[in-house]
Amino acid sequence: MGGAEDDEPLSKRVKVSFRESADRSNGTFLRDPVSSPLSDLMVCPLEIQGDDEVVGRKGVVKKVELVQIITETLYSLGYKKAGAQLEEESGIPLHPSLVNLFMQQILDGKWDESIATLHKIGLVDEKIVKLASFMILEQKFFELLDREKVMDALKTLRTEIAPLCINSDRVRNLSFCIISPSQQVVSGESGPEIMKIKLRTKLLEELQGLFPTTVMPPEKRLIHLVEQGLEFQLGSCSLHNSLSNDMSLLTDHH
């Protein structure tokens, strides 16, 4: 009391005390709280370091998976730059590089290359590899017919699709598309299209549902988890008397 310390403003003395207490706690704060932005102070420390790094008080949310589904949500909402920046800054890719190559090959219609990449991804279940190959070759078959390359389509059916020995009834139906012109095209909004032809993006969605989530994280997973949380709050509200669309993500429902 009565020293030079008492002449300092209270806010400064609090800051100094805060900094010293952080130093004594063996680095709970990695930066000086006085100079760090507010957003840095609000970041919760990770409970576990390494490959199994988790976040949250319960210790059940894996950081890598959380970042991946946030990234996927950004992409699905159209924030492609933000998604790419999150991948770069976190060092956590949404997909392995081979999977990115595979997806781009599907979108570009490079069917033979995509099947070659498929076998390099490292899928353990051979049934998944064969089924995915069937789906890709089926799309190749349809697009060849769409370009009136009937002989190439027939070759694909005989030498690539049939040897997979998957869904013989479906193979038979595909052969009818060659035999019967009426089975080949249907009227679409933008002109003639192969009957039941799948857009390449739709094919990717179907492949995504086929692959393990470790290879291709499911689409809109974060939104699904948020909806589950809201439904749980709704089901736990014994006196619920409001519309579901009145619920907010910013507060717990009661």
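Here are a few friendly notes on the salt bridges in this predicted model.

1. Let's start with the overall count. Side chains of opposite charge can pair when their charged atoms come close. In this model, seven salt bridges are counted. The points below go through some of them.

2. Glu53 sits in the loop between helix H2 (38-41) and strand S1 (54-55), while Lys63 belongs to helix H3 (residues 63-76), so the pair ties together parts that are ten residues apart in sequence. Glu53 counts as buried because its relative accessibility, 13%, is under 20%. Lys63, at 28% relative accessibility, is partly exposed.

3. Next, have a look at Glu138 and Arg170, whose side chains meet in a salt bridge at 2.5 Å, N to O. This pair links distant parts of the chain, with Glu138 in helix H7 (residues 126-146) and Arg170 in helix H9 (residues 168-179), 32 residues apart. Both Glu138 and Arg170 are buried.

4. Helix H9 also holds both members of another pair, Asp169 and Arg172, which lie three residues apart, about one turn of the helix. Their side chains form a salt bridge with an N to O distance of 2.3 Å. Asp169 is partly exposed, with a relative accessible area of 47%, and Arg172 is partly exposed as well, at 43% relative accessibility.

5. Finally, which residues are linked in a network of salt bridges? They are Asp112, Lys140 and Glu160.

Conventions:
Residues are numbered from 1 along each chain as its sequence is written. This is a predicted model: local features need pLDDT of at least 70, side-chain atom pairs count only at pLDDT 80 or more; totals for chains, interfaces and linings use all residues. Side-chain values use heavy atoms; hydrogens and water are left out. A salt bridge is a side-chain nitrogen of Lys or Arg within 4 Å of a carboxyl oxygen of Asp or Glu. Helices (H or I, at least four residues) and strands (E, at least two) are DSSP runs, numbered from the N terminus. Buried means under 20% relative accessible area, exposed over 50%, partly exposed in between (1.4 Å probe, protein chains only).
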